[in-house]
Amino acid sequence: MITLFDFLALSGALFAIGLAGVFLNRKNVILLLMCVELLLLAANFNFIAFARFLNDISGQVFVFFILTVAAAEASIGLAIVVVLFRNRSSINVDDIDSLKH
Amino acid sequence: MIQQIVFIVLAALTVGSALGVITARHTVHAALFLVMTFVASAGLWLLLHAEFLALVLVLVYVGAVMVLFLFIVMMLDTDSQSLRQGLVRYAPLGVVVALIVFAEIGYVVYNRELGVSFGTPLPQAAGFSNTRALGETIYTVYAFPFEIAAVVLLVGIVAAIMLTLRRRPGVRHQNISKQVRVSAKRGRLRIVNMPSEPRPPEKNP
Amino acid sequence: MSAFLPMLLVAIVLAPLTAAIIVGCGMRFIPRRAAHVLTILAVALSTALSAWVLWQMVFAGMGSYDINLYDWGSIGNIQFNIGFMIDRLSVLMMTVVSFVSLMVHIYTIGYMAEDPGYKRFFSYISLFTFSMLILVMANNFLLLFIGWELVGLVSYLLIGFWYTRPTAIRAGLKAFIVNRVGDFGFILGIALVLAYSGSLDYSQVFAHASALAGQHLELFSGLVWSVPTVICILLFVGAVGKSAQVPLHVWLPDSMEGPTPISALIHAATMVTAGIFMVARLSPLFELSDTALSMVMIVGAITALFLGLVGIVQNDIKRVIAYSTISQLGYMATALGASAYAAGIFHLMTHAFFKALLFLGSGSVIMAMHHDQDMRNMGGLRKYMPITYFTFLAGSLALIAFPGFAGFFSKDTIIDAVHDSQRTGAVFAYWCVLLGTFVTGLYTFRCVFMTFHGKERFVVEHDAGHDGRKELAPGHLPHAPRESPWVVTVPLILLGIASVVIGWLTIQPLLYGDFFGTSIYVAPGHHVMQKLAEEFHGAGAMMVASVTTPTLWLALAGLGVAWFFYVFKPAWPAVLARWFRPLYLLLLHKFYFDEAYALFVEAGSRALGRMLWIGGDGAVIDGVLVDGSARAVGWFSRILRRGQTGYLYHYAFVMIIGLCVLLGWLLLR
Amino acid sequence: MPAHFPVLSAMLWLPIIGGCVVLLAGRVWPEAVRWLALLFSVVVFAMSIPLWSEFNTHTAAMQFVEQANWIGAFNVHYSLGVDGISMPLILLTNFMTVLVVIAGWEVIHYKLAQYMASFLIMAGLMNGVFAAMDALLFYVLWEGMLIPMFIIIGIWGGPRRIYATLKFFLYTFFGSVLMLVAIIYLYLQAGSFSIAAFQQMPLGMTAQVLIFIAFLVAFGVKVPMWPVHTWLPAAHVEAPTGGSVILAAILLKMGTYGLLRFSLPIAPNASHALMWLMIGLSLVAIIYIGFVSIVQTDMKKLVAYSSVAHMGFCTLGFFIIFLVLARTANQDAAAMGMEGGMVQVISHGFVSGAMFLCIGVMYDRLHTREISAYGGVVNPMPAFAFFFVLFAMANVALPGTSGFVGEWMVILATMHANFWVAFGAAFTLFLAAAFTLWLIKRVLFGPVGNEHVAKMQDLNKREFVVLGLLAVAVIWLGVYPEPLLNVMHASVTNLIHQATISKL
């Protein structure tokens, strides 16, 4: 039998990998966005698993919304990356430091 | 039994490709790994009887969002070598943090009473349609949030367009509406009132 | 009669004020002639009405009169009123003030004839008359103080009348500020009166004066003062300022920068005597404190002698008279200190006439000399301006107390009164005032001889242009000195007559008759005047008796010395000045009062101000407290800023790690 | 005017509406801006006259009261009312606003509509501050009023205006934040924001002392008391003439008003315990600042410092009451001190406003405030010199001018309490004379200082009207202050009563 625990463990692993990805690929904005997608995916896993095991469809509704927002986020994030690249010819996070100077 | 085998395979595939996302040398590879993760996840969601969302994940995420990612990655001429510099510097920290978070999550999941029965999902009635149930809930209970989600997407579209819109100087346009609106009285013709006889010459110019 | 009187009193006061306002505000619109006609009519009205009230009081048996006009302000039981108290003392002052003011008004027509500020001047002196009248007519301390300050204001404005002269405006400022130092004590004294008697009305305060006597005040811990002593000393500080007593006399000589009519009116006859009047008016309070009266006497005596000495070395004709004024005010103060208030007021009155005369006479001389005031450039003017000479001489004789002239009666009485006084310091005061007569004789006739006798030390330049427009060096005149016009000489003659006869006529009623009645209070045991009254056998007898007193001979000795040095051997004074150089310098520098004040008060307060401003406000408050706290915040922020690297991923890391820690804390707690 | 007419609301809102109308007119009809501003200010002033004429002088209760719910959840009310302490201040505000509008008539060219609107809006807010009976309403208006002043100094100010506005804003804001804390504490204790409830509520000694100090910082900055006065010279020097006038004439008065409305009645025991602190600070203000004023070289700074010294008299008069009552139990003498302080408040409004206007008149001609740039101004400008000397004399507290009344009453009341305090207070007699008349001497008198001075034009009609109105006010108050005292008396007596009963 596949238990709830299995799914939660899997989502935990995905979440941890997403976090580690933020640390590893700290310079590449596109990869950072991908890591965020991983984090969201982990969260979605939890929702769906709980929806299944509690037999409550609302969990899936939330996933639906999260997907919506994630899509919007990804599109705007990528648009920003494009503008950024256009202005700076780089997507290196190290170069985005006008807040510091 | 088959389900368990499928689960193990898909879970391994998910975790493995997720690891691939964060460790891939090239951004394109990372994106492709992410596609793999999503596809495997969609399979897992099918196991959880979330057929509609599994399909949405594949169609919208893999089909649209990830393509967009690949588009951008390929469109921008990024120097992936410089981006990977100093990768190891924070890697131990990342691993430690990831382990800690994983341990914490595991602790929560394992030790705390979550209020649900582990391992025994309730059986579903015959003829149950996941899509129909989801649709009934979304269009009744969550109708208003659903509309807001639509607005969020609209805003996302508008914002993305506005951000990337570029006005190039020196491009000649035709402004049709301006051309149509033009009239003789406004702007084209000016009637100047001139004195009919010349002024006496001023002493000091 | 009594329904009519308040209106009449208000008319006395308001007539000059109205004239002053009309002339002052309408300065641009009314002609010059209207300015003097209007003000003179107003002051003449005041004079006539005052004289009428005086007549009513003395001969028609009118009693004293106390009336409140309106309620200036009231807080529960504390009432501040505007009201008049008319008794024999105030009505005498009113008459003297308005009469002298009238004379000065008339004189001004001639003296200021060519001045561009003609109308302004008339406005000011009318305003002054108003202020002085409310000062003397007040029935409470508030109105007294109001009048007291207003005369100070007008004095300030008039000393600085020629506002383009730096010395004049400086003198005006000095006069005001020095007077304010006196007022500092005055207002504290008034405040004490209110605090201990609950009222500011003379009648109330005097009625409860005896209750004050028993009260004490601990100013310094362990040092207990009686309340009347503190009050009277503080009030007298005001008088010291206003009446130019040591050490606040320094403003009066400088005030001679003002036009001469003002010197006559304000700085000789009326305003400077306000302090004397005030002490006499408040005699019921002063009688409670022997200490305060001793102080009054000693200060007065010092002023009388030592500032007279300064007069000997001055060369500016007006300054000589100014120092004589200070000295004579010292005599008056000494009389007050000896409880001889009547004698003090009597001297005030005679002095008002003859000193106004002297100033107006000197003004006449100054006009003839084309506004040159240095006596070293005069001499022999007697034959050019006989009227001025004889009136001036009359005034001088009155000043040195020559028998028969007004000053004789008043000054001799003062000296006798001080002689008889038993008060602490009376012996010292007696010797001061006695020696003072010699000094008076000396400087007065030095002035007369240098101005009117001897060689002519001025040069007449006939070719200098008859219009006199060309600037001439001091001592150079475009034409020979001439007698002044009638508007100048008539007041001189009138005042001259008054200076001769006023003492003779009024000594009997004023000093030994019961003229002042209840308006001056002398405590039992302080009656020096009673003793004098027993020895008094009429004005003629007093004159005869004076031959046997040292006073006359000292004065004549002064006169003789003056004649010797300034007519007989005019070269000797310079030799003497060389021989006694330190003494000469001391006198020439007026005992270095001005220098000391300039150094300690003026420069000192400026240095203190600068120190407080730059050191206190700038360095401590702004530097340490305000900027210091700003710097502390800045320092703290600089440390915090290190955390803000500006790198996106650092913020992300902090968020993630924070999340970890938060989660861990939630789990482990 | 009908009896139920909400006159105080009109005082509060009409100027604000007027300000908006003027702003609008600046866009659509710029020629009318001046006249509209004048119209509104005069109408408001005219409407405030009934406050005086229909005022009941026999009661200390609030009059012309208006009450409405504002924020029900927190028990906040929109409640307005005046007593004898606030009513004269409202009249003063509206009077000075008229003068400021006239004074800016042709001097201001840059953004005229905004300038006029700022003053109108500020007048409304200040009226509201004086009329508010609800602490939160008071606080909101108090803070709101900072904004127009901030704008006035920041836009029409001198070269260092940004520094001055920041200093001004930070100082006052620092104080008022503490006040907000105190108000919230009091609300939690009383369950309502009504000032009257605050005044009646018992409070422990520690709480009283803390509240007193919080209010003291807020109001002391505004008064301003030594040592939190250094923003004032900076702000005055940089502010335009109208700003200086309102700043000196009204804004400072809000500090003294706050002391009377909040500190004394809400924390009477703390006031009593800390009276020596207040008396000491007042005396320091009078003497220390007097000396500092002497050495100023900038005319506006000099008058600003002299304001600090004069406001010292107000606070001295307010807090001497405890000492007077302790020494003599003489209620009338205590009332005299407090009323003297109040008269000084009003009088200083006229006098300092007039002084700043006079300096503004000269500044408009020569564009400098340095004393040394002038000299002999009386020669080209005799009429101006008349007014300047008159107001200088009021600044010196010469009898017959309004400046005298307050100082006289305060010194006399102080003498009931302590000789040496009165002695210190009386220093003002010659310190004020020294710095004011020395200024007059250097600026007005003497030969014409330079060719710029020689070219100065005498007052025009507009300036003459402004200064003339002030001169009338100054002399009227000096010659006959009884009407003003009469208005205040009942409220002051009540306040002294409140301040002397223990709330422990």
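Select residues 63-71 and 76-82 of chain D: strand 1 and strand 2 pair there in the antiparallel sense over six bridges. Strands are DSSP runs of E, at least two residues, and helices are runs of H or I, at least four residues, numbered from the N terminus. Two strands pair if DSSP finds at least two bridges between them. This is a predicted model, where local features need pLDDT of at least 70, side-chain atom pairs count only at pLDDT 80 or more, and totals for chains, interfaces and linings use all residues. Residues are numbered from 1 along each chain as its sequence is written, with chains lettered from A and ligands numbered from 1 in the order in which they are written.

Stay on the hairpin. Pick D:Gln67; its bridge partner in strand 2 is D:Ser79. Four residues lie between the strands, and D:Asn75 takes a positive phi near 60°.

Next, chain C, residues 32-59. This is helix 2, whose 28 residues should span 40 Å at 1.5 Å a residue; the end C-alpha atoms are 40 Å apart, which agrees. The expected span is 1.5 Å times one less than the number of residues. Color its buried residues, among them C:His36, C:Ser46 and C:Met57. Buried means 20 or more other C-beta atoms within 10 Å of the residue's own, with C-beta atoms placed from the backbone. Just after the helix, C:Gly61 takes a positive phi of about 70°.

Finally, show chains A and B. Here 66 residues of chain B are in contact with 61 residues of chain A; contact means C-beta atoms, placed from the backbone, within 7 Å. Select helix 5 of chain B: it gives the most to the side that touches chain A, with 14 residues.

Definitions and conventions: A residue is buried if 20 or more other C-beta atoms lie within 10 Å of its own, exposed if 12 or fewer, and partly exposed in between; C-beta atoms are placed from the backbone. Two residues are in contact if their C-beta atoms, placed from the backbone, lie within 7 Å.
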